[in-house]
Amino acid sequence: MSEEKSLNFIEEIIENDLKSGKYETLVTRFPPEPNGYLHIGHAKAICLNFGLTQKYGGYTNLRFDDTNPVTEKTEYVNSQQEDIKWLGFEWKNELYASDYFGQLHKFAVTLIEKGLAYVDHSTAEEIALQKGTPTESGVDNVYRNRSVEENLDLFNRMKNGEFEDGACTLRAKIDMASPNMLMRDPIIYRIKHTPHHRTGNEWCIYPMYDFAHGQSDSIEGITHSICTLEYVSHRELYDWFIEKLEIFPSKQYEFARLNLTYTVMSKRKLLQLVNEKHVAGWDDPRMPTISGLRRRGYTPESIREFCERIGIAKRENLIELSLLEFCIREDLNKKANRVMAVLDPIKLVITNYPEGKDEILVGENNPEAEDKGGMREIPFSRELWIEREDFMEEPAKKWFRLAPGAMVRLKFAYIVQCDSFEKDANGEIKTIYCTYIPESKSGSDTSGINVKGTIHWVSAAHAKTATVRQYDRLFTVESPDAEEGDFKDYLNPKSMEVIENVYIEPHLAKANLSDGYQFIRKGYFCLDKDSTADHLVFNRVVSLKDSWKG
RNA sequence: UGUCCGAUAGUAUAAGGGUAGUACAAGUGAUUUUGGUUCAUUUAGUCUUGGUUCGAAUCCAGGUCGGACAACCA
């Protein structure tokens, strides 16, 4: 069966290149800068680059783009590696742009020797001024026409640490009148007397992104160098260096980055949320970081599926958060064991059930799993906790749950009928009194009674307690970036609701950190790493879809 | 008064000169011991104006709108 699946524009390019024999083996790379944690937007790029070589053969390198020692840290290198592995991908080579500092330095010397680079003593302000604007061309400066020998000598002295930071730069000599600002003699080396996370104090000059990225691709024989749209105008420069240096012609292709509703995606803004403690850290479950999503309870499969579904194109896009939620529900629906937990309890007493009697009921763990996920035991007794919202003193129309005189099925157990209820001094419902129908036991129901509603419960005498953290969108508006004023003005004050003393069925005491659970009728939850043996903390991954419109 | 990129249902993404399709979202109904799942079904789209053509979302030209570009960041 040939299921014609349409190709995205990058796959088309690759298939053409492979078919024409331009390349035998596809080589891609994922090139993060180790200056922050990876987020769902990076996941899109990871799935793309690794996915392509899985599909067409070939391999993908992991290359850290570590050309700026001021912002880069080993902590980030480690977290980024962990996230990529967790997503389920394996890189062929672990590489660093800093591995190429020696080679890159030689490339710079080559350019100088060809008369295509010069040392400039202008200040940053002067350079900006001489550069012109997008609509006005720039002007040449006095250092532009130095001799090759002088440039060689000066560049050598830069390398040897004879100048302070900012005293001079090495610039490519291209065209100060180019309509592309990046071609107006871009800086390719700058002085930074800053130790590097890998090369230590070996260098005090560091290449700029444009002078490192393309050449690194070329050195590694990257055939398709895939990046986001903001690099479109860099492509001309990318090609220029490769051409002048006469090295392997890697080609750059750009796709539109991911934007997600109700969140921000720039590393700068995410860092700000962390530093200013609007969230608990890079892995706060509300963060769109991969570590945050992992802690929230998202699975690698769900994120990969999401990346598959959003597609790859060149137009700007804003993906609805509901698609991400759909992907995790779809995955957890198959995998998550069903359990019962009561988040906002009221007492239910079964007046005709013997006091002191216990019963062990069995329930299937997951009706959606092939073997139903096996069975588990659930203790039942005379007094139960049920959800406050499952009782209505004056029922709305089409109300299927508990109300005076109404009958409901207790999940995995019996049908009960509400006889009366009691309020406390504040007028809040305190206790509901029911009678149960002994013949209606789940699995052996001979009562012949049909009820519309089924509710969850936990036996009061057997319940354990836990803390539940219910998460919601981090921002109140779809596009915090696009809004007026500071994006932080739109933080959702209710993005985390902590509920203490949630009653959970005893089975959940054995909950596993890596498993997702469905709290029946409430949503998908997972154990948080803050849990201890006697204090469990659950994160809500996502609520269940709720088509009840009360 | 620049250069480059883009424009298809609410949101994404296909259709590569020949019936505008899919997914999510939204609505309706059926099934259901989760108001979940599943199934069925409805709503809803080619930025604009010309041109080429028997025929244009697709090719061409002009316009409009959106985005990117003036860091010793990546």
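Q103, L104, F107, A108 and L111 of helix 4 are in contact (heavy atoms within 4.5 Å) with F211, A212, Q215 and I219 of helix 7. By class, this contact comprises seven nonpolar, two polar and no charged residues; Ala, Val, Leu, Ile, Met, Phe, Trp, Tyr, Cys and Pro count as nonpolar, Asp, Glu, Lys and Arg as charged, and the others, Gly among them, as polar. The model is predicted: local features require pLDDT of at least 70 and side-chain atom pairs pLDDT 80 or more, whereas totals for chains, interfaces and linings use all residues. Residues are numbered from 1 along each chain as its sequence is written, chains are lettered from A and ligands numbered from 1 in the order in which they are written, and side-chain values use heavy atoms, with hydrogens and water left out.

Helices (H or I, at least four residues) and strands (E, at least two) are DSSP runs numbered from the N terminus.

Aromatic pairs number 24 in the whole structure. Rings of Phe, Tyr and Trp (its six-membered ring) pair if their centres lie within 6.5 Å; planes under 30 degrees apart count as stacked, over 60 as edge-to-face and the rest as tilted. Two of the pairs are tabulated.

| Pair | Centre to centre | Angle between planes | Class |
|---|---|---|---|
| W399 and W548 | 5.8 Å | 70 degrees | edge-to-face |
| F519 and F538 | 5.4 Å | 70 degrees | edge-to-face |

W399 lies in the loop between strand 15 (383–387) and strand 16 (407–410), and W548 in the segment after strand 25 (536–543), so their pair ties together parts 149 residues apart in sequence. W399 is buried at 14% relative accessibility, whereas W548 is partly exposed at 31%; buried means under 20% relative accessible area, exposed over 50%, and partly exposed in between (1.4 Å probe, protein chains only). F519 and F538 are both buried. Ring pairs also link F155, Y189, F211, W240 and F241 into a cluster.

K464 belongs to strand 21 (residues 464–471) and is partly exposed, at 41% relative accessibility. Leaving aside neighbours within four places in sequence, K464 is in contact with V502, Y503, I504, P506 and A509.
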